[in-house]
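These are my notebook entries on one protein model. I looked up its inner spaces, then its sheet, then its helices.

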Amino acid sequence: MTGSPAPELTILYRGPLASCNYDCPYCPFAKRRDSPATLRADRAALARFVDWVTRNPHGHRQLSILFTPWGEALTRSWYRDALVTLSHLPHVGTVAVQTNLSCRTGWLAAADPTRLALWCTYHPGETTLEKFVTRTAELDAIGIRHSVGIVGLADNLDAARALRAALPQHTYLWVNAEEGRSYDPAEEAVWTALDPLFGYSAHPHPAAGLPCRTGDSVISVDGDGLARRCHFVAAPLGNLYDGTYLRALRPRPCPNAVCDCHIGYVHLETLPLYEVFAGGIVERIPAGLRLPLSPVIPSARADAD
């Protein structure tokens, strides 16, 4: 390492936690219970990560953090405590978490709302629209920035329309394409009417050999501190805690043929999403909460051939 400041870095953190209180039929972690040993390991791993971020031993000018647990994190007190702690660190730009928003929101009053944000998913089969929208209204009242989304299942369409009608216009509603499903133009148009950016989710993005910020200004970190460029590339870059990841940070092309998950393709330099989500990358909030958005349906799909 040199004496120069380390670059800004976005970290996608995913510890051992893999349990969830919801029972979504398409999810492999539905109603899964972690053993007490796994929960202890997850809590210890998170404490180690929070300590590292707090100390910022490599002097990163700014850290942005997105927790992407396999299960639901906010039902666990240690994740709530971690989010509050990290939100008060001056070198943390944003700390966010993916959540089903099933937990109470009072704990957020202790957080810095200028730094903490939530990426919330509505699961119609697991909660009522009234309960979910009440929670999002509580976030608004506290001043916690958030995006709200739903999976683009055919059975979810009516619920998605009701959700959009119930949310304030300043709340961005995103739609994740159903995994493995192809949407015909008419179906895509229906979902795009709800989420003008749905086209980015509906089609896998060509990625092989193309520039991506992961491995340079973005890394994925697991509970042991093992750093990879993203959740979808297994090759290790080094370890967060011994600093070996620093030597590996550099621009590099993507090794995968396609990228079809938002937390991956948002970092592709061939897409304009850093401009679309400027200031809200990790929490999936378009810049300036600029709704209504202009419909965006990516058209350059033939370049995968």
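**Second largest cavity**

I began with the classes of the residues that line the second largest cavity: 8 are nonpolar, 2 polar and 2 charged. I note here that the model is a predicted one. The volume of this second largest cavity is about 50 Å³. I then listed its lining, which consists of Tyr 172, Val 175, Asp 195, Leu 197, Phe 198, Tyr 200, Ser 201, His 262, Tyr 265, Leu 273, Phe 277 and Arg 284. Which elements supply at least two residues each to this lining? I found α6 (198-202) and α7 (262-265). The largest share, 3 residues, comes from α6.

**Largest cavity**

I next asked how many cavities of 30 Å³ or more the structure holds. The count is 3. For the largest cavity I recorded a volume of about 70 Å³. Its lining is made by Cys 212, Thr 214, Arg 229, Cys 230, Phe 232, Val 233, Cys 254, Asn 256, Cys 259, Gly 264 and Leu 268. Sorted by class, this lining has 7 nonpolar, 3 polar and 1 charged residues.

**Second largest pocket**

I turned from cavities to a pocket. The second largest pocket has a volume of about 290 Å³. It is lined by 15 residues, and Glu 8, Thr 10, Gln 62, Ser 64 and Ile 281 are those that lie nearest its centre. Two or more residues of this lining are given by each of β1 (9-14) and β3 (92-99). The lining of the second largest pocket divides into 5 nonpolar, 8 polar and 2 charged residues.

**Sheet**

I then traced the strands. An open sheet is formed by 9 strands with mixed pairing, and I wrote down their order as β6-β5-β4-β3-β2-β1-β9-β10-β11. Why is one side of β6 (173-176) and of β11 (233-239) left without a neighbour in the sheet? These two strands stand at the edges and each has a single partner strand, so one side of each has no neighbour there. From one strand to the next, the twist averages 25 degrees.

β1 and β9 (residues 218-222) pair in the parallel sense over 5 bridges, and Tyr 13 stands opposite Val 221 in β9. β9 pairs with β10 (residues 226-230) in the antiparallel sense over 2 bridges. Here Ser 220 has Arg 228 in β10 as its bridge partner. The hairpin of β9 and β10 has 3 residues between the strands, and in it Gly 225 takes a positive phi near 90 degrees.

The pairing of β10 with β11 is also antiparallel, over 4 bridges. These two strands form a hairpin with 2 residues between them.

**Helices**

Helix α1 (residues 36-55) lies across β1, β2 (63-67) and β3, and runs at about 165 degrees to β2.

Helix α3 (residues 129-142) packs with helix α4 (residues 157-166) at an angle of about 35 degrees, and their axes are 11 Å apart. The crossing of α3 past α4 is right-handed. Which residues make the contact? From α3 they are Leu 129, Phe 132 and Val 133, and from α4 they are Ala 162, Leu 163 and Ala 166.

Methods:
Residues numbered from 1 in each chain as written. Predicted model: local features only at pLDDT ≥ 70, side-chain atom pairs only at ≥ 80, totals over all residues. Heavy atoms only, no water. 1 Å grid on protein atoms, 1.4 Å probe; cavity = no way out; pocket = protein on both sides within 12 Å on 5 of 7 lines; lining within 4 Å. Points joined across faces, edges and corners; volume = space filled by probe spheres on them. Nonpolar A, V, L, I, M, F, W, Y, C, P; charged D, E, K, R; others polar. Axes fitted to C-alpha atoms, helices over the stretch in contact; angles between N-to-C directions. Left-handed = near helix turned anticlockwise from the far one by under 90°. Contact = heavy atoms within 4.5 Å. Pairing = 2+ DSSP bridges.
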